[in-house]
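Here is a short report for a first look at a protein model. Please keep the sequence and the 3D view at hand.

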Amino acid sequence: MSRTAIVILNYNGEDLLRRFLPLVIEHSPDATIIVADNASTDQSISLVRDHFPDVGLIQLDANYGYCGGYNRALSQVSADYYVLLNSDVEVTSHWLVPMQRRLDQDQNVAAVQPKIRSFHQRNKFEHAGAGGGLIDALGYPFCRGRIFDSVEEDHGQYDDEAEIFWSTGACMMIRASAFHKLGGFDEDYFAHMEEIDLCWKLHRQQQKVFYCGGSTVYHIGAGTLSYGHPRKVFLNFRNGLYLIFKHIPTAELLYKFPIRLLLDWIAAAKFLVSGQWRNSAAVLNAHVTFVRNLPRELKKRKKLQEAYPEYLRAGMIPRSVVFDYFLLGKRSYTQ
């Protein structure tokens with residue numbers, strides 16, 4: 001059994017694999033590297049077979065999304081640590097070492113992430129993960145180094161190792177035992193925010209999530225869906241409701257959930273006024289879908305909260321990041 005397995009989930013990412021897989025191979029000499037293919041229709045499979053014969057290949061029979069794809073792929077991988085790596089990530093020398101060391105040193109740490117910088121603006125953090133994921137009082141995720149659309153330049157302010165609330169799914173190292181104990185990702189998310197749900201469940205098991213600033217990768221971001229794509233808007237808004245409904249305690253949910261719905265409607269109105277009617281419709285569709293699936297989500301909530309009623313709150317900010325950002329003009333984590 002390999003100590004560390006890097007698993008790259010791919011869907012029609014032939015060009016990305018051609019560009020970034022050689023660097024993963026070069027900078028990960030002691031790891032097993034596997035491409036898990038979500039039934040691509042391009043030449044991804046033949047590319048891996050013909051040009052990267054030492055890279056393992058798992059072929060799935062359909063596109064199961066991020067969640068289902070990884071669940072099925074990792075069930076076939078034996079290792080102590082998994083690295084879930086997006087195909088549009090450029091890794092750097094010794095990128096695995098700080099993360100492996102953190103997991104080796106503290107058995108209570110279940111998952112870690114590196115510093116995520118932008119591939120195109122290399123002096124800046126990248127949207128998905130930045131300097132480590134946090135969450136506010138209403139369940140809105142943000143990062144050290146990125147709040148909504150405001151992204152900081154990297155001046156070494158997050159070169160530390162710090163406990164965080166969630167690790168980005170763009171590059172996450174997680175104990176295989178912890179991943180399987182939780183049953184992997186919730187496949188009803190399909191993609192987006194599933195890593196936050198997973199990390200929240202880790203906290204419920206009294207396990208920690210860490211950021212390792214001594215490891216750096218560069219992420220293109222939106223390699224499959226652009227940030228403003230209506231499908232991504234739908235997934236983010238729907239999954240955001242799934243997330244807080246599942247996890248927030250009842251006494252808090254009674255007043256926080258209506259506030260979230262109101263803020264979502266404001267976002268939909270803003271999309272509409274700015275001419276992005278498809279994104280506005282995506283928000284409303286997210287709410288309709290949530291209501292349709294409410295019985296299923298109620299069962300999940302009950303099961304989870306009965307099994308793990310308490311959770312570690314490191315990385316949870318007892319304020320509203322929406323209020324601070326849009327009304328007080330606070331654009332950075334340090335503010």
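## Basis of the model

This is a predicted model: local features need pLDDT of at least 70, side-chain atom pairs count only at pLDDT 80 or more, and totals for chains, interfaces and linings use all residues. Residues are numbered from 1 along each chain as its sequence is written, and side-chain values use heavy atoms, with hydrogens and water left out.

## Overall form

The protein has eleven helices and 13 strands. Both are DSSP runs, numbered from the N terminus: helices are H or I with at least four residues, strands are E with at least two. Along the principal axes, the C-alpha atoms fill a box of roughly 55 × 40 × 40 Å.

Of the 335 residues, 57% count as buried. Buried means under 20% relative accessible area, exposed over 50%, and partly exposed in between, with a 1.4 Å probe and protein chains only. The accessible surface comes to about 14500 Å², and 54% of it belongs to carbon and sulfur atoms. These areas come from the Shrake-Rupley method with a 1.4 Å probe; for residues, only the protein chains shown count as cover. Among contacts with a separation of 6 or more, 76% are between residues 24 or more positions apart. Contact means heavy atoms within 4.5 Å.

Helix α3 spans residues 65–74. Nine of its ten residues are buried, so α3 is largely enclosed by the rest of the structure. Among them are Gly65, Tyr66, Cys67 and Leu74. The buried residues of α3 pack against β1, β2, β3, β4, α5 and α6.

Helix α4 covers residues 97–105, with Pro98, Met99, Gln100, Arg102 and Leu103 buried. Their packing partners are strands: β1, β4, β6, β11, β12 and β13.

## A helix pair: α7 and α9

Helix α7 (residues 230–247) packs against helix α9 (residues 277–292) at an angle of about 35°, with the axes 8 Å apart. Axes are lines fitted to C-alpha atoms, for helices over the stretch in contact, and angles run from 0 to 180 degrees between N-to-C directions. The contact involves residues of α7 including Phe234, Phe237 and Leu241, and residues of α9 including Ala282, Val283 and Ala286. By class, this contact has eleven nonpolar, four polar and two charged residues. Ala, Val, Leu, Ile, Met, Phe, Trp, Tyr, Cys and Pro count as nonpolar, Asp, Glu, Lys and Arg as charged, and the others, Gly among them, as polar.

## Single residues

Trp265 sits in helix α8 (residues 250–273). Trp265 is partly exposed, with a relative accessible area of 47%. Beyond its neighbours within four places in sequence, Trp265 is in contact with Leu284 and His287. The C-alpha atoms of Trp265 and His287 are 9.6 Å apart, though the two residues are 22 residues apart along the chain.

Most residues other than glycine have a negative phi. Phe148 has a positive phi, near 50°. Phe148 lies in the loop between β9 and β10 and is partly exposed at 21% relative accessible area. Met193 also has a positive phi, near 70°. Met193 is in the loop between α5 and α6 and is buried, with a relative accessible area of 15%.
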